[in-house]
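Hi,

Here is the structure I promised to pass along. Please have a look, and then read on for my notes.

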Amino acid sequence: MTKPATDDTRTGGRRSWLRDHSELGVCALLLALGVLVLTDALTMDVDIAQRGPVGPRTVPVVVGAGLLVIAALLAVDVLRGGRGQAEAGEDVDLSEPADWRTVSLLAGVFLGAAVLIEPLGFPVAGALLFWGAAFALGSRRPDRDPLIAAVVSFVTYAVFNNLLGVPLPGGPLMGVL
């Protein structure tokens, strides 16, 4: 006589199946990104005159369709039992739990930079972003890190704003730079 499955057995089985098919999360992300890109491309207002078959919508439509195709192919592969292989040089210990403190600090730094870029400008917000990312990733050199972050941020601003012609918000430093 067989024992009926308990809730623990079913939950453990479901968890095990999800763990074995975790790549489906990547498929879902690619699918969502593809839908977003296609929606954006197809609803884009095109005010310029188009010459020939290639216009401003062409590349985003191709990229969005490619994302959808890759998501579908990857999902089929995962459901057929395919698994991603770790690289030979990869030194990640999968038995260790994720470092959520670092992830949270990095997410906070990125969100903070996104909020501060408009009022403070890219040079200041970028310096805070680079310094905060270095801190979150383990650097504890208060004498060196802010200086390197400021130099990287100002050089990035100068390259994009002055050399490449991509306008970045200068903030209060706009007149100085």
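Which residues does D145 touch, not counting residues up to four places away in sequence? D145 touches W131, S139 and R140, where contact means heavy atoms within 4.5 Å.

Before I go further, a word on where this comes from. This is a predicted model, so local features need pLDDT of at least 70 and side-chain atom pairs count only at pLDDT 80 or more, while totals for chains, interfaces and linings use all residues. Residues are numbered from 1 along each chain as its sequence is written, and side-chain values use heavy atoms, with hydrogens and water left out.

Now the overall picture. The protein has six helices and zero strands, and its pattern along the sequence reads α-α-α-α-α-α. (Helices, H or I with at least four residues, and strands, E with at least two, are DSSP runs numbered from the N terminus.) Of the 177 residues, 19% are buried; buried means under 20% relative accessible area, exposed over 50%, and partly exposed in between, with a 1.4 Å probe and protein chains only. Among contacts with a separation of 6 or more, 59% are between residues 24 or more positions apart. The protein exposes about 13,100 Å², and carbon and sulfur atoms supply 67% of that area (Shrake-Rupley method, 1.4 Å probe; for residues, only the protein chains shown count as cover).

Back to D145, which lies in helix α6, residues 145–163. D145 counts as buried because its relative accessibility is 8%. Its side chain also makes a polar contact of 2.6 Å with the side chain of S139. (A polar contact is a pair of N or O atoms within 3.5 Å; within protein, one must be able to donate a hydrogen and the other to accept it, and residues adjacent in sequence count only if both atoms are side-chain atoms.)

L147 is in helix α6 too, but L147 counts as exposed because its relative accessible area is 58%.

Finally, C27 sits in helix α2, residues 24–42, and counts as buried at 6% relative accessibility. C27 touches A71, L74 and A75, not counting residues up to four places away in sequence.

Best wishes
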